[in-house]
Amino acid sequence: MNIPFRSETFRDDFSYRNSAQNIPRFPFPFPEDAYMYSVNIEPHVPSGRPDGPFAHGFDVDEHYVAEMRDRALVLAEDPLRCQSLPHMELAGWDALDLIMTSKAADYPDLFELTIDGDQWHWVNKPLGIDDHFTFLDSSTLPYGPLEYIGRQTQGDLCVLDQRESNLWMDAGVVTAQADWSLDFDIGMNFFEWHAPVPLAHELGVFTRAIKFLTAIQQGQPSRRLNWTLTINPRLDTSPENYPKWGPDRLTVTPENIGEKIHLRVELQTFWRLPRSNALFFPIRTYLMAMDELITQPKWARRMHRVIRDLPPELVDYKGMSRYHADLVEWLSQYDDGAETSPGIFPE
């Protein structure tokens, strides 16, 4: 598999772009012309485009190297973006095992894993890593197991302890979140960290979700898509760094909507870990500028209709109140009124 990794940034000059080849594989989150919260969980099995985001357990694309550089910068600035409560170390090893095994099987030209008892040899060619370590012995790694593999995996990694018929945010490597804080949420349960979300509680979404998630079995991962909008292709939109990204919303004008406003999609997957019984919750973030999105006519039409018809509570919650009307007007020029086909992939 030949992936030309891009040299790009998610800060300062914001040189991040999607290549023409990468645009059609974007996980567009709207299967129909309207949106409302739902559980929207499905089995995480290969589907869609053979080279798309659902083709493998952990997607690796042209942004891999740049995203890992950005993660290293965030962790250097704020080490609390990686935390693991003491009882979660075994779950960290579970996560490392799952990711290494999956990547070595799915991308053998990029990653290699050799196991001889508890002696492991891991090669990550894109990042130039070649390490020997003893499985379950953290002293043989440069970081704890979750941080070690988190520095080599696109997307944030959360590990949820399951007890008392609930899920608890007890470990994570979180540097690319959409306005939530691991440092604030660490130790909270599922309902506590979802408390700020409007409408979904009244609709019973989270009650149904927790029943499903706590029943996930090993070897039967699931997935869902979540979305918001971000100004500039910035991965780190954490509360800790709000002074850096919050004012970006004031820079949107009708003339720069296409380059400034990005659809931010999270591919959230859920895996039962075998040794710890924890629930592993990777959150892979994808970004696409409106200028790139409208190159796919189906997406352009649907994006206009979804944004136009959003309930006011969601417009406010997703932080688009200042530019919502301008965005709807801008998108309307790409909506010819034609019907759109079901599903998320372009026609």
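**Reading salt bridges, a helix and pocket linings**

Colleague: The side chains of Arg-234 and Asp-248 meet in a salt bridge, at 3.1 Å from N to O. Which atoms must lie within 4 Å for a salt bridge?

Modeller: A side-chain nitrogen of Lys or Arg must lie within 4 Å of a carboxyl oxygen of Asp or Glu. The model is predicted, so local features need pLDDT of at least 70 and side-chain atom pairs pLDDT 80 or more, whereas totals for chains, interfaces and linings use all residues. Residues are numbered from 1 along each chain as its sequence is written, and side-chain values use heavy atoms, without hydrogens or water.

Colleague: Is Arg-234 buried or exposed, and is Asp-248 buried or exposed?

Modeller: Buried is under 20% relative accessible area, exposed over 50%, partly exposed in between (1.4 Å probe, protein chains only). Arg-234 counts as buried at 12% relative accessibility, and Asp-248 counts as buried at 10%.

Colleague: How many salt bridges does the structure hold, and which residue meets Asp-94 in one?

Modeller: The structure holds 25 salt bridges. Asp-94 meets Arg-275 through their side chains, at 2.8 Å from N to O. Asp-94 belongs to helix H2 (residues 89-106) and Arg-275 to the loop between E9 and E10, so this pair ties together parts that are 181 residues apart in sequence. Asp-94 is buried, with a relative accessible area of 1%, whereas Arg-275 is partly exposed, with 39%.

Colleague: Which residue forms a salt bridge with Arg-308, and which residues are linked in a network?

Modeller: Arg-308 is bridged to Asp-309, with the closest N and O atoms 2.9 Å apart. Arg-308 counts as partly exposed at 40% relative accessibility, and Asp-309 counts as partly exposed at 44%. A network of salt bridges links Arg-25, Asp-59, Asp-61, Glu-67 and Arg-284.

Colleague: Why is H10 largely enclosed by the rest of the structure?

Modeller: Ten of the twelve residues of H10 are buried, so the rest of the structure largely encloses this helix. Among the buried residues are Lys-298, Trp-299, Arg-301, Arg-302, Met-303, His-304 and Ile-307. Their cover (contact: heavy atoms within 4.5 Å) includes strand E8 (222-231), strand E9 (261-272), strand E10 (279-289), helix H9 (290-293) and helix H12 (324-332).

Colleague: Which element supplies the largest share of the lining of the largest pocket?

Modeller: A pocket is an open set of points on a 1 Å grid over the protein atoms alone where a 1.4 Å probe fits, with protein on both sides within 12 Å along at least five of seven lines; lining residues have an atom within 4 Å of a point. For the largest pocket, E8 gives the largest share, seven residues. Helix H4 (182-185), helix H5 (190-193), helix H6 (205-213) and helix H11 (312-317) are among the elements that each supply at least two lining residues.

Colleague: Which residues lie nearest the centre of the second largest pocket?

Modeller: Of its 20 lining residues, Pro-29, Pro-31, Ser-38, Asn-40 and Leu-225 lie nearest the centre. The largest share of the lining of this second largest pocket, five residues, comes from E8.

Key
Helix = DSSP H or I, 4+ residues; strand = E, 2+ residues; numbered from the N terminus.
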